[in-house]
Amino acid sequence: MRSFRYVLADVFTDVPLAGNQLAVFTDARDLDELTMQALALELGLSETVFVLPPREGGTVRIRIFTPQNELLFAGHPCLGTAFVLGAPLQLGTIALETGNGIVPVELERDPSGRIVFGRMTQPVPTVAAYERADELLAALGVESSLLPVEVYDNGVRHAYVVLPSKEDVGVLNPDMNALMELDVVGALAAAGNGNDWKVRMFSPLDGVGEDAATGSAAGPLACHLGRHGVVPWDNEIEVEQGTEIGRPSTLYARASGSGDAIEKVEVGGSAVTVARGEFKVP
């Protein structure tokens with residue numbers, strides 16, 4: 001039996017047992033793809049990361065698995081992995097090679113040297129009108145969206161619905177079976193004003209249900225609000241997520257651009273290590 005160590009972190013929170021859970025296997029060189037997928041299913045978290053030697057000039061290469069499949073990119077796995085690796089590597093920036101390019105994560109430390117915040121530069125997403133908007137609205141149980149229903153793809157496809165109030169987002173009770181019939185990884189509902197926003201993200205296709213904190217969706221949300229003139233470009237928004245499932249999370253997102261041209265997307269937050277373990281596999 002071979003042994004593989006992992007670290008369990010709570011991401012987009014500075015409080016243990018909140019945020020979005022993440023397992024990071026810090027040395028996955030001897031793991032094949034089928035075993036990686038089996039381990040992700042065994043753990044049952046929204047995502048599990050496997051760290052590998054770099055190939056393209058990054059600090060490390062990572063592979064990201066949900067319980068059901070592999071993702072090219074995801075937000076909380078990148079941030080959480082940077083926190084896990086940042087301490088032993090003693091680096092200010094961790095460059096993660098993902099399936100959708102290199103994602104650099106800048107780490108901030110307090111006077112004691114403890115990592116307290118990380119900010120990733122995400123892949124710039126593509127944007128398209130969502131042709132199945134009526135089906136998405138019906139599955140969420142709402143009549144309309146304040147902004148056009150659009151799909152953003154930065155390696156993960158999310159469709160965005162903006163509702164009048166945070167209360168409207170909080171009481172959503174979507175039809176998960178109907179959402180599974182759609183062709184997006186996640187359905188995101190958002191509400192807020194100024195720089196203060198609340199979101200819920202539903203992803204039944206990945207075997208997750210509702211996600212506690214979705215970094216890959218927070219960046220495109222900032223793009224969505226900037227493109228439609230709701231929040232000025234370059235303004236950082238603070239995003240609340242996960243409250244309804246008992247995993248409160250806080251994400252920070254900022255997008256730069258002009259008109260419909262997205263130039264840069266950044267997402268930040270904190271993370272805490274809560275456990276360490278070891279798997280034995282054949």
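Q: Which residues does His 224 touch, not counting residues up to four places away in sequence?
A: Before we start, keep in mind that this is a predicted model. Setting aside residues up to four places away in sequence, His 224 touches Leu 147, Pro 148, Glu 150, Tyr 152, Tyr 160 and Val 162. With one of these, Glu 150, the contact is polar and runs from side chain to side chain, at 3.2 Å.

Q: Where does His 224 lie, and is His 224 buried or exposed?
A: His 224 belongs to helix α6, which covers residues 215-227. To judge burial we look at relative accessibility, and a residue under 20% is called buried. His 224 counts as buried because its value is 0%.

Q: How many disulfides are there?
A: The general idea is that a disulfide is a covalent bond between the sulfur atoms of two cysteines. In this structure the count comes to 0 disulfides. Cys 78 is in none, and the nearest cysteine sulfur, which belongs to Cys 223, is 16 Å away.

Q: How many salt bridges does the structure hold, and which residues are linked in a network of them?
A: The structure holds 18 salt bridges. A network of salt bridges links Arg 119, Glu 236, Arg 254, Lys 264 and Glu 266.

Q: What can I learn from the salt bridge between Glu 33 and Arg 63?
A: Here one reads the distance and then asks which parts of the chain are joined. The side chains of Glu 33 and Arg 63 meet at 2.7 Å, N to O. Because Glu 33 lies in helix α1 (residues 33-43) and Arg 63 in strand β4 (residues 60-65), the pair ties together parts that are 30 residues apart in sequence. Glu 33 counts as partly exposed at 45% relative accessibility, whereas Arg 63 counts as buried at 17%.

Q: Are Arg 200 and Glu 210 buried or exposed?
A: Both Arg 200 and Glu 210 are buried, and their side chains form a salt bridge of 2.9 Å, N to O. Since Arg 200 is in strand β13 (residues 196-203) and Glu 210 in strand β14 (residues 209-211), this pair ties together parts that are 10 residues apart in sequence. For another case, take Asp 27 and Arg 29, whose side chains meet in a salt bridge at 2.7 Å, N to O. Asp 27 is partly exposed, with a relative accessible area of 35%, while Arg 29 is exposed, with 56%.

Q: In which sense, parallel or antiparallel, does β12 pair with β11, and in which sense with β13?
A: For each pair of strands, one reads the direction and then the bridge partners. Strand β11 (residues 157-162) pairs with β12 in the parallel sense over 5 bridges, and Tyr 160 has Leu 188 as its bridge partner in β12. The pairing of β12 with β13 is antiparallel, over 7 bridges, with Ala 190 partnered by Val 199 in β13. These two strands, β12 and β13, form a hairpin with 2 residues between them, and Gly 194 in the turn has a positive phi of about 60°. Strand β12 (residues 186-193) is mostly covered, as 6 of its 8 residues are buried.

Q: Which residues touch the most other members of the largest nonpolar core?
A: In soluble globular proteins, nonpolar side chains tend to be buried together. The largest nonpolar core here has 54 residues, and Phe 12, Ile 62, Met 120, Leu 221 and Ile 237 touch the most other members. Leaving aside neighbours within four places in sequence, Leu 221 is in contact with Tyr 160, Ala 190, Val 199, Ile 237 and Val 239. Another core, of 21 residues, lies apart from the largest one and includes Ala 133, Val 149, Val 169 and Ala 191.

Notes:
Residues numbered from 1 in each chain as written. Predicted model: local features only at pLDDT ≥ 70, side-chain atom pairs only at ≥ 80, totals over all residues. Heavy atoms only, no water. Helix = DSSP H or I, 4+ residues; strand = E, 2+ residues; numbered from the N terminus. Buried < 20%, exposed > 50% of the residue type's maximum accessible area, 1.4 Å probe, protein only. Polar contact = N/O pair within 3.5 Å; in protein donor to acceptor, adjacent residues only side chain to side chain. Contact = heavy atoms within 4.5 Å. Disulfide = S-S within 2.5 Å. Salt bridge = Lys/Arg side-chain N within 4 Å of Asp/Glu carboxyl O. Pairing = 2+ DSSP bridges. Core = buried A, V, L, I, M, F, W, Y, C linked by side-chain atoms within 4.5 Å.
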